[in-house]
Amino acid sequence: MLKTKEVVIESGRDADKRFLVTEMPLLKADKWAQRALFALASGGVDAGTLDLSGGMLEMAKFAFAAIGNIDPQVGGDLLDELLECVQIIPSGGNPRDFDVETEIQDLKTLYLLRKEALFLHIDFLTQGNSLDLSN
């Protein structure tokens with residue numbers, strides 16, 4: 001079963017709007033992740049410069065450097081695909097696809113929905129699980 005998360009917009013012009021974020025099916029998510037990793041790798045940021053003792057701050061600096069080098073068209077397409085995981089929940093309560101251009105008014109909402117879609121897919125990284133590639 002695919003993971004889901006309900007997101008309620010708390011402020012701004014989209015306040016009180018509700019959205020349902022649903023995980024991509026496995027192969028689609030894997031292909032999305034591969035394209036994202038290839039885009040990061042082609043950006044030319046050297047992971048060898050990453051100081052693991054710097055913790056989350058160092059990881060954030062590395063991520064921003066890498067993202068800044070992604071081709072804007074490729075990065076934009078990847079971000080738009082994250083929105084395909086999102087449905088609006090109207091007052092009737094039945095989630096449905098929505099038109100980003102007409103049903104979202106606040107830029108902050110757009111970024112929040114993308115962030116929630118991404119985090120839904122990578123939440124295993126924050127659950128204290130380590131990825132053991134030795135098996």
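These legends accompany several close-up views of a predicted model.

Numbering starts at 1 along each chain as its sequence is written. Local features need pLDDT of at least 70 and side-chain atom pairs pLDDT 80 or more, while totals for chains, interfaces and linings use all residues; side-chain values use heavy atoms, without hydrogens or water.

**View 1. The protein chain has five helices and three strands.** Helices (H or I, at least four residues) and strands (E, at least two) are DSSP runs, numbered from the N terminus. Their order along the sequence is β-β-α-α-α-β-α-α. Of the 135 residues, 27% count as buried. Buried means under 20% relative accessible area, exposed over 50% and partly exposed in between (1.4 Å probe, protein chains only). The accessible surface is about 9,300 Å², with 59% belonging to carbon and sulfur atoms. Areas come from the Shrake-Rupley method with a 1.4 Å probe; for residues, only the protein chains shown count as cover.

**View 2. The largest nonpolar core has 22 residues.** Such a core is a set of buried Ala, Val, Leu, Ile, Met, Phe, Trp, Tyr and Cys residues joined through side-chain atoms within 4.5 Å. F19, V21, M24, W32, V86, F98 and L113 have the most contacts inside it. Strand 2 (18-22), helix 1 (26-42), helix 3 (72-83), strand 3 (86-89) and helix 5 (107-122) each supply at least two core residues.

**View 3. F19 touches residues including K5, V86, F98 and L113.** Contact means heavy atoms within 4.5 Å. Beyond four places in sequence, F19 also touches E6, V7, I9, Q87, I88, I89, I104 and T109.

**View 4. Helix 5 buries one face.** Its buried residues are T109, L110, L113, R114, E116, A117, L120 and H121. The arc is taken over directions from the axis to the C-beta atoms. Their cover includes strand 1 (4-8), strand 2, helix 1, helix 3, strand 3 and helix 4 (100-103).

**View 5. D106 caps the N-terminal end of helix 5.** A side-chain oxygen of D106 lies 3.2 Å from the backbone nitrogen of K108.

**View 6. E116 sits in helix 5.** E116 counts as buried because its relative accessibility is 10%. Its side chain makes a polar contact with the side chain of K5, at 2.7 Å. A polar contact is a pair of N or O atoms within 3.5 Å; within protein, one must be able to donate a hydrogen and the other to accept it, and residues adjacent in sequence count only if both atoms are side-chain atoms. Leaving aside neighbours within four places in sequence, E116 contacts K5, V7 and V21.
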